[in-house]
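Here is a short briefing for a reader new to this structure. Start with the sequence and the model below.

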Amino acid sequence: MAVEVLDTLGQKCPQPVLKIAVKAPDMKQGDILEILGDCPTFEKDVRRWCERLGKVLLSVKDEEQNKKRIQIRF
């Protein structure tokens, strides 16, 4: 199991989810992708993406200045 970090800070919708979609094929079963984002719809968009593709959203952590750290298990 590997943990990959994807920084999407400063990117607006739909860029963070598009970056996740590009990274997804490289992820193996059990790997965790940790995404940093600050777009106002970031959490909602990632939750919707996980639901559509059957991925497990492990955690959402609020950080300073409207930043969020989201973990997805593949």
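**Briefing: core, helix packing and cysteines**

The largest nonpolar core has 15 residues. Those with the most contacts inside it are Ile 20, Leu 33, Ile 35, Val 46, Trp 49, Ile 72 and Phe 74. A nonpolar core is a set of buried Ala, Val, Leu, Ile, Met, Phe, Trp, Tyr and Cys residues joined through side-chain atoms within 4.5 Å. This is a predicted model: local features need pLDDT of at least 70, side-chain atom pairs count only at pLDDT 80 or more, and totals for chains, interfaces and linings use all residues. Residues are numbered from 1 along each chain as its sequence is written, and side-chain values use heavy atoms, leaving out hydrogens and water.

- Helix H1 (15-23), strand E2 (32-37), helix H2 (42-53) and strand E4 (68-73) each supply at least two residues of the core.
- H2 gives the largest share, four residues.
- Helices (H or I, at least four residues) and strands (E, at least two) are DSSP runs, numbered from the N terminus.
- Beyond its neighbours within four places in sequence, Phe 74 is in contact (heavy atoms within 4.5 Å) with residues including Leu 33, Trp 49 and Lys 55.

**Helix packing**

- H1 and H2 pack at an angle of about 35°, with their axes 9 Å apart.
- Axes are lines fitted to C-alpha atoms, for helices over the stretch in contact, and angles run from 0 to 180 degrees between N-to-C directions.
- H1 brings Pro 16, Val 17, Ile 20 and Ala 21 to the contact, and H2 brings Phe 42, Asp 45, Val 46 and Trp 49.

**Pro 16**

- Pro 16 sits in helix H1.
- Pro 16 is buried, at 4% relative accessibility. Buried means under 20% relative accessible area, exposed over 50%, partly exposed in between (1.4 Å probe, protein chains only).
- Leaving aside neighbours within four places in sequence, Pro 16 touches Thr 8, Gln 11 and Phe 42.
- Pro 16 and Met 1 are 15 residues apart in sequence and 23 Å apart in space, C-alpha to C-alpha.

**Cysteines**

- A search of the whole structure finds zero disulfides. A disulfide is a pair of cysteine sulfur atoms within 2.5 Å.
- Cys 39 has its closest cysteine sulfur in Cys 13, 5.5 Å away, which is too far for a bond.
- Cys 39 is buried, with a relative accessible area of 8%.
- For Cys 50, the nearest cysteine sulfur is that of Cys 13, 15 Å away.
- Cys 50 is buried too, at 3% relative accessibility.
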